[in-house]
Amino acid sequence: MFENANDFSLYIETTAMGKSITVLDAILMYCEDNVLDPYDIRNLVNESLKSKLELCFIDMNYLPKQSLLEFI
């Protein structure tokens with residue numbers, strides 16, 4: 001369906017903004033709708049999407065909070 005990881009990232013980010021949900025929820029919704037395991041789409045997650053997922057996990061307290069200077 002997607003030609004590359006950037007197309008997938010754009011689709012996920014657009015879906016997340018359009019439905020006012022997190023990027024993580026958008027990925028899980030995509031997997032559920034297409035009967036995929038999240039492990040199956042690991043090669044479609046680019047660096048930009050990884051960093052947004054990381055921030056999502058930090059917000060949910062699944063990862064330790066980091067100072068903002070580390071991201072610069």
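Trainee: Helices here are DSSP runs (H or I) of at least four residues, numbered from the N terminus; in which helix is threonine 15 found?

Mentor: Threonine 15 is found in helix H1, and please keep in mind throughout that we are looking at a predicted model. As for its surroundings, and leaving aside neighbours within four places in sequence, threonine 15 is in contact with Ile21, Ala26 and Met29.

Trainee: Is threonine 15 buried or exposed?

Mentor: The relative accessible area of threonine 15 is 13%, and buried means under 20%, so threonine 15 counts as buried.

Trainee: Let me step back. How many helices and strands does the chain have?

Mentor: The secondary structure comes to three helices and zero strands, which run α-α-α from the N terminus on. Helix H1 covers 5-19 and helix H2 covers 23-33, while helix H3 covers 47-59. Along its principal axes the C-alpha trace spans about 35 × 25 × 20 Å.

Trainee: And what share of the residues is buried?

Mentor: Of the 72 residues of the chain, 31% count as buried. The chain exposes about 5,400 Å², of which carbon and sulfur atoms supply 56%.

Trainee: What about the core, then: which residues touch the most other members?

Mentor: The largest nonpolar core has 16 residues, and those touching the most other members are Phe8, Ile12, Val23, Ile27, Ile41 and Leu49. The elements that give two or more residues to this core are H1, H2 and H3, with H2 giving the most, namely six residues.

Trainee: I'd like to look at Leu49. What does leucine 49 touch?

Mentor: Not counting residues up to four places away in sequence, leucine 49 touches Phe8, Ser9, Ile12, Glu13, Val23 and Ile27. Leu49 is also one of the buried residues of H3, together with Leu53, Cys56 and Ile58, and what covers the buried residues of H3 includes helix H1 and helix H2.

Trainee: You mentioned Ser9. Is serine 9 buried or exposed?

Mentor: Serine 9, which is found in helix H1, is buried, with a relative accessible area of 4%. Apart from neighbours within four places in sequence, serine 9 is in contact with Asn46 and Leu49.

Trainee: Switching to charges: how many salt bridges are there?

Mentor: The count comes to two salt bridges. In one of them lysine 52 pairs with glutamate 13, and the closest N and O atoms are 3.0 Å apart. Lysine 52 lies in helix H3 and glutamate 13 in helix H1, so this pair ties together parts that are 39 residues apart in sequence. Lysine 52 counts as partly exposed, at 32% relative accessibility.

Trainee: How far apart along helix H3 are lysine 50 and glutamate 47?

Mentor: The side chains of lysine 50 and glutamate 47 meet in a salt bridge at 3.7 Å, N to O, and because the two are three residues apart in helix H3, about one helical turn separates them. In general, an α-helix has 3.6 residues a turn, so residues three or four places apart point the same way. Glutamate 47 is exposed, at 60% relative accessible area, whereas lysine 50 is partly exposed, at 42%.

Trainee: How far does H3 reach from its first C-alpha to its last?

Mentor: H3 has 13 residues and reaches 18 Å, which is close to the 18 Å expected at 1.5 Å a residue. After H3 comes asparagine 61, whose phi is positive, near 65°.

Trainee: Which residues make the nonpolar surface patch?

Mentor: That patch, of about 300 Å², is made by Met60, Tyr62 and Leu63. Leucine 63 is found in the segment after helix H3 and is partly exposed, with a relative accessible area of 35%.

Conventions
Residues numbered from 1 in each chain as written. Predicted model: local features only at pLDDT ≥ 70, side-chain atom pairs only at ≥ 80, totals over all residues. Heavy atoms only, no water. Patch = residues over 30% accessible without salt bridge, like charges linked within 9 Å, V, L, I, M, F, W, Y side chains within 5 Å. Areas by Shrake-Rupley, 256 points an atom, 1.4 Å probe, with all protein chains shown as cover. Salt bridge = Lys/Arg side-chain N within 4 Å of Asp/Glu carboxyl O. Buried < 20%, exposed > 50% of the residue type's maximum accessible area, 1.4 Å probe, protein only. Expected span 1.5 Å × (residues − 1). Contact = heavy atoms within 4.5 Å. Core = buried A, V, L, I, M, F, W, Y, C linked by side-chain atoms within 4.5 Å.
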